[in-house]
Every structure is written in C-alpha cells, then in structure tokens.
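This briefing takes the overall architecture first and then turns to one helix and one of its residues.

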Amino acid sequence: LISLGRSAEAFTYQKILSEENPGAFEAQQKFESAMKLFLEGQLDEAAVLLTALQEEYPQDKSSGTLLGVVAQRQGRNALAAELFDSYIDTETVSPSVIQAAALAKIRSEKAEEALVMLREAVASQPNNASILATYGLALIELGKPGNEGILAVEKSLEMDASQHRLRLALA
C-alpha cells in the first residue's frame with residue numbers, strides 16, 4: 001500500500017495487524033535479520049536469533065526451516081533432520097531445502113527416511129528436475145539395487161539439460 005501511495009491505509013492496516021497479532025512485526029524483523037546473517041555466512045549468529053524465535057514462536061515454519069538449514073550447514077545433522085521433520089512440507093518447500101533435509105537425514109544415518117521424503121517430494125512436485133535429480137543421486141549414492149536412480153537422473157536431464165554435473169554422475 002505504501003508503494004501505491006496509500007500510506008494512511010497502510011498505517012491503519014499495520015495497526016490492525018499488530019493489535020491482532022502482537023509481536024508479529026518484531027518477529028518478522030528478527031527473522032529478516034537472521035536471514036541476512038545466514039546469507040552473509042554468519043551461521044552461529046543466525047542460529048542464535050532463530051533459536052530465540054523458535055522459543056517464542058514454536059509454530060513458525062519459516063524460522064524452523066531456516067534453523068534446520070543453518071544446523072545442516074553447521075554439521076548438526078541430527079538437529080537439522082528433527083527440525084525438517086517438524087517444519088517442511090515436501091509439496092511446497094524449495095528444492096534446496098529438500099536437498100538439505102535429505103543430506104541431514106543421510107548424515108544422521110536415516111537414509112531410508114531421506115528416501116521416503118524424496119519419494120514424497122518427487123510425487124508432489126513431479127516436474128521439478130532438481131528434486132528428481134536429488135532423488136536419483138541419493139538412490140545411486142546409497143547403492144540401491146535396480147536402475148531407478150539412473151532413470152531418475154536421466155529424466156531430470158531430459159527436463160533440464162543444463163545440469164551438466166549430472167552427466168558426470170552417470171559416467
């Protein structure tokens with residue numbers, strides 16, 4: 001509304017939101033600060049902010065998911081896997097989060113859980129070449145019998161031929 005030049009309406013709307021959900025504006029600002037820290041590579045600082053947000057707003061999926069990604073990047077894979085189990089939805093989450101969740105599960109010795117999650121993601125996002133590639137590579141890496149992994153990677157390449165690294169995986 002502000003960008004449309006309707007600042008009076010924006011102020012009124014913001015006031016209603018803050019009265020209905022006190023603390024939401026502050027929580028959003030903390031999340032944005034944590035995201036900035038994450039993007040700058042300051043993982044420890046981002047984790048502190050996100051942990052505090054999770055304590056205040058345990059149902060917040062955005063901060064829970066980002067905390068999972070931060071934990072995975074820090075090598076705290078068991079925590080990351082737990083957070084991803086609680087907060088991600090394979091139908092809507094981005095491929096990079098699905099990849100982080102799969103990696104955290106595999107590194108936490110929960111490979112079968114990773115494959116189940118990846119199968120769900122492929123089923124709910126069948127036209128996503130990145131998710132299909134991740135699923136195929138996981139099958140290959142985990143030494144699963146059959147050629148399902150190779151077929152998944154090949155199908156991913158058909159969908160998006162610019163994934164040159166996949167060709168190396170098949171070689």
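Helices here are DSSP runs of H or I with at least four residues, strands are runs of E with at least two, and both are numbered from the N terminus. On that basis the protein, which is a predicted model, has 10 helices and 0 strands. Along the sequence the pattern reads α-α-α-α-α-α-α-α-α-α.

**Overall architecture**

- The protein comprises 171 residues, of which 37% count as buried.
- Among contacts with a separation of 6 or more, 44% are made by residues 24 or more positions apart.
- Carbon and sulfur atoms contribute 54% of an accessible surface of about 10,300 Å².

**Helix α6**

- Helix α6 spans residues 95–107, a total of 13 residues.
- From first C-alpha to last, α6 reaches 18 Å, close to the 18 Å expected at 1.5 Å a residue.
- Its buried residues are V97, I98, A100, A101, A102, A104 and K105.
- Just after α6, E109 adopts a positive phi of about 60°.

**Residue K105**

- K105 is located in helix α6.
- The relative accessibility of K105 is 3%, and therefore K105 counts as buried, the cut-off being under 20%.
- Beyond its neighbours within four places in sequence, K105 is in contact with A81, D85, K110, A111, E113, A114 and M117.

Technical notes. Residues numbered from 1 in each chain as written. Predicted model: local features only at pLDDT ≥ 70, side-chain atom pairs only at ≥ 80, totals over all residues. Heavy atoms only, no water. Expected span 1.5 Å × (residues − 1). Buried < 20%, exposed > 50% of the residue type's maximum accessible area, 1.4 Å probe, protein only. Contact = heavy atoms within 4.5 Å. Areas by Shrake-Rupley, 256 points an atom, 1.4 Å probe, with all protein chains shown as cover.
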